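Please look over the sequence and the structure shown below before reading on.

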Amino acid sequence: MKKYIGLQDMSHVNCSSVLRVIQAHGEISRKQISDITGLSWGGMTKIVNKLLEKEYITEEKCEVPGGTGRIPGMLSIRRDRHLVAGVDVNRTGLSAYVTDLSGDIKRQYFGENLFRDKEELLDNILRFIQRIFQDFGDEEIVAAGIAMQGGIHGENGVSVNFPGCGDWRDVPLIEILKERFHTEFYLEHDPDCMLCSETVWADGAHVILFRIDRSIGMAVSLNGTIFRGNGILEVAHSIVVPGGKRCRCGLDGCLEAYIEPCVREGQINGKAVEEMIRPLAVTIHNMICLFHADIVILAGDLMKYASLFEEKLLWELRRMGNGKKTEIRFQDDTKSAVRGAALIAARHAVDSLRL
Ligand SMILES: [Zn+2]
């Protein structure tokens, strides 16, 4: 964060904050914008005119009764310009949304993910994104967010590793994508994207999200701010059963060693699910203690089978009794990562607006 902001920056901050207010309200009048942002009438008018000129927003003008002209009407986001894309790169597949800046979905994409080695995975990601840019062209899509499984270095746009793809190491993915598609790209850890799409409503709370599919990823939001850091919150290889099941990482008793066998080749394994409940409860309990969480969201592909373990998991958690009433939510929505990635791209696009 910059400590001091100059006049140039000031107008850019105001510009994106006005656009965000319009985004949040759907339809809004000039007077409301001025009231909410605290901008002077002149300052607000300057920004609104710029946003109209740059085709970010549109205005519904009303006829004055008696036909003596038209008065300024309600302002809203333009739905046919300035699109963003969100892409989710996951072991279980690839998915993408193209949305407008108000979050309305224009088109969805799904694809198989292939990741035997680095070359195959990179080629697969590039082909998938190519499909989107063929349909929309790089003029229309102003920014794209990539939700990526595994370790990431978000600020540098580097994907550090990808589970199950051995030679995928420190790949400068954002640099590669920018060069290829001439658009702004942003890289985010996939559970952070999911949390971002979930916490729009929970600003003041401490929220933990676990994405559970063949492994487990974790994201934390404290008072509405996502907790970030390279290589932190890697809960998959925390030991939950000392001397327990052998994990692919070489350690014994990792959480992942209990999650990984639950679904194999699309088939749920009841016995493995049974063995996974307690280790998962231990992790959830410990993380609630660590972050003083108000809400825990369980998301990801395994939630399709939540009915098999929901009750027992809640029972285990009650038995551990953390003394704090934490709400546990089961979120069977596999698309929240891709929605979150699009949302993050939209925020970046808006934030880069300058007058
Ligand atoms: Zn492990």
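## Tyr186 and its surroundings

Setting aside residues up to four places away in sequence, Tyr186 touches Ala143, Gly145, Ile146, Ile344, Ala345 and His348. The model is a predicted one, and in it Tyr186 belongs to strand β9, which covers residues 184–189. Tyr186 counts as buried because 22 C-beta neighbours lie inside 10 Å, where 20 or more are needed for that class.

Leu173 is 13 residues away from Tyr186 along the chain, and the C-alpha atoms of these two residues are separated by 9.5 Å.

## Two further buried residues

Leu121 is part of helix α4, which runs over residues 118–140. It is buried, with 21 other C-beta atoms within 10 Å. When residues up to four places away in sequence are not counted, Leu121 touches Leu114, Phe115, Phe162, Cys165 and Trp168. For Leu121 and Trp168, the separation is 47 residues in sequence and 8.4 Å in space, taken from C-alpha to C-alpha.

Ser95 sits in strand β4, made of residues 93–99. Since 23 C-beta neighbours lie inside 10 Å, Ser95 also counts as buried. Apart from neighbours within four places in sequence, Ser95 is in contact with Asp88, Tyr109, Phe110, Lys335 and Val338. Ala147 lies 52 residues from Ser95 along the chain, and their C-alpha atoms are separated by 9.8 Å.

## Two loop residues with positive phi

Most residues other than glycine have a negative phi. Glu55, although it is not a glycine, has a positive phi of about 65°, and this residue is found in the loop between α3 and β1, the latter spanning 57–63. Is Glu55 buried or exposed? With 11 other C-beta atoms within 10 Å, Glu55 is exposed, as the limit for that class is 12 or fewer.

Asp170 likewise is not a glycine and has a positive phi, here of about 45°. Its place is the loop that lies between β8 (158–159) and α5 (173–181). Asp170 has 12 C-beta neighbours inside 10 Å and therefore counts as exposed.

## The packing of α2 against α3

Two packed helices are described by the angle between their axes and the distance between the axes. Helix α2, residues 30–37, and helix α3, residues 41–53, pack at an angle of about 115°, and their axes are 10 Å apart. The crossing of α2 and α3 is right-handed.

Which residues of α2 and α3 meet? From α2 come Arg30, Ile33, Ser34 and Thr37, and these meet Trp41, Met44 and Val48 in α3. Sorted by class, the residues of the contact of α2 with α3 comprise 4 nonpolar, 2 polar and 1 charged.

## Domains and their contact

The chain is divided into three parts, namely domain 1 (7–77), domain 2 (83–194 + 336–351) and domain 3 (203–330). Between the C-alpha centres of domain 1 and domain 2 the distance is 32 Å, and the contact takes 5 residues from domain 1 and 5 residues from domain 2.

On the side of domain 1 that touches domain 2, the largest share, 4 residues, comes from helix α1, which covers residues 7–25. By class, this side of domain 1 has 2 nonpolar, 2 polar and 1 charged residues.

## The chain as a whole

There are 10 helices and 16 strands in the chain. Of the 355 residues, 37% count as buried. Among contacts between residues at least 6 apart in sequence, 61% join residues that are at least 24 apart.

The C-alpha trace spans about 80 × 50 × 40 Å along the principal axes of the chain.

Conventions: Residues numbered from 1 in each chain as written. Predicted model: local features only at pLDDT ≥ 70, side-chain atom pairs only at ≥ 80, totals over all residues. Axes fitted to C-alpha atoms, helices over the stretch in contact; angles between N-to-C directions. Left-handed = near helix turned anticlockwise from the far one by under 90°. Contact = placed C-beta atoms within 7 Å. Nonpolar A, V, L, I, M, F, W, Y, C, P; charged D, E, K, R; others polar. Domains from an automatic or database assignment.
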